[in-house]
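I opened this notebook to record what I looked up around the ligand and in the fold that surrounds it. The entries follow the order in which I went through them.

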Amino acid sequence: MKGKLVTLEGGEGAGKSTVLDALRTQLSSRGIDVVVTREPGGTVFGEAVRALVLDAARTEVCAESELLLMFAARAQLVRETIIPALDAGRWVLSDRFTDASYAYQGGGRGQPVARVEDLERWAAVIKPDLTLLLDLPVAQGLARAGARGAADRIELENDDFFERVRAAYRARAAADPARFRVIDASAALDDVRHAACSAIDAWLDEQGARP
Ligand code: T5A
């Protein structure tokens, strides 16, 4: 059996990293072999790209470079990690994937959707089987992220940018309800974890795939 690609998406401070740990534990307890990764990053090359593209000192980075760097890291991750894992029947849980490029570089930076679609076709190649969108008001997410420490280059953007990111995410979820599950990430952490784990279990049941 081929594995499944499950992605977590959301704005800044949505709680993806925190929820991801709970999902990994839950899937493992169901006997599912899980590989966890993140974007940008997840490979030696991708982590180097991450350090470059998120460096707050790199104020000169243009929107086109940013888009291409996100897909450069993704192309490597897909070929080096994700496809081999899926082919081996393992599941991949990724903290962000291509939807982030539609939301941040498309919605946030105004890059044309057709340009992102084109890159998705030949560089990302695969689409997630299931995407959990952790959605919350921008101000709440930025307050959480801000409490965590120094901002990276993208976190330095203004509220309008993050409102466009959120709108793009929500529009994608509304356009593809078969793949997306929207989780209210403004709730208490335990409730968000519970909602995410329940969404995965419900999806497994829909697929007839709960071990
Ligand atoms: N990016 C990425 C693009 O622009 N294009 C792309 O194609 C891709 C892939 C890095 C950046 O790159 C951009 C998007 C990002 O700007 P990232 O690694 O996901 O992406 O971003 P990080 O900065 O690492 O993480 P986030 O800011 O997105 O935070 P998380 O992972 O969503 O949130 P988490 O779990 O670290 O929680 C943040 C804080 O909030 C608390 C946590 O304890 C933590 O302190 N918290 C809660 N507190 C109260 N109630 C809750 N429900 C809470 N949930 C979390």
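I began with the ligand, one of whose oxygen atoms is 2.8 Å from an N or O atom in the side chain of Glu12; I take a polar contact as a pair of N or O atoms within 3.5 Å, where within protein one must be able to donate a hydrogen and the other to accept it, and residues adjacent in sequence count only if both atoms are side-chain atoms. I noted before going on that this is a predicted model, in which local features need pLDDT of at least 70 and side-chain atom pairs count only at pLDDT 80 or more, while totals for chains, interfaces and linings use all residues. Residues are numbered from 1 along each chain as its sequence is written, and side-chain values use heavy atoms, with hydrogens and water left out.

**Glu12.** I placed Glu12 in the loop between E1 and helix H1 (16-29), where helices (H or I, at least four residues) and strands (E, at least two) are DSSP runs numbered from the N terminus. Is Glu12 buried or exposed? Glu12 counts as buried because its relative accessible area is 12%, the classes being buried under 20%, exposed over 50% and partly exposed in between, with a 1.4 Å probe and protein chains only. Its side chain makes a polar contact of 2.6 Å with that of Tyr104. Setting aside residues up to four places away in sequence, I found Glu12 touching several residues, including Arg96, Leu136 and Phe162 (contact means heavy atoms within 4.5 Å).

Asp95 is found in strand E3 and is buried, at 11% relative accessibility. The side chains of Asp95 and Ser17 make a polar contact of 3.4 Å. Arg96 lies in the loop between E3 and helix H4 (98-108), and its phi is near 80°, a positive value in a residue other than glycine. I kept in mind that most residues other than glycine have a negative phi, and that most peptide bonds are trans. A cis peptide bond joins Glu39 and Pro40, with omega about -15°.

**Sheet.** What is the order of the strands in the open sheet? The five strands run E2-E3-E1-E4-E5, with parallel pairing, and two strands pair if DSSP finds at least two bridges between them. The edge strands, E2 (34-38) and E5 (180-184), each pair on one side only. On average, neighbouring strands of the sheet are turned by 20° against each other, direction ignored, with axes as lines fitted to C-alpha atoms, for helices over the stretch in contact, and angles running from 0 to 180 degrees between N-to-C directions. Helix H7 (residues 159-175) packs on this sheet, touching E1, E4 and E5, and its direction makes about 140° with that of E4.
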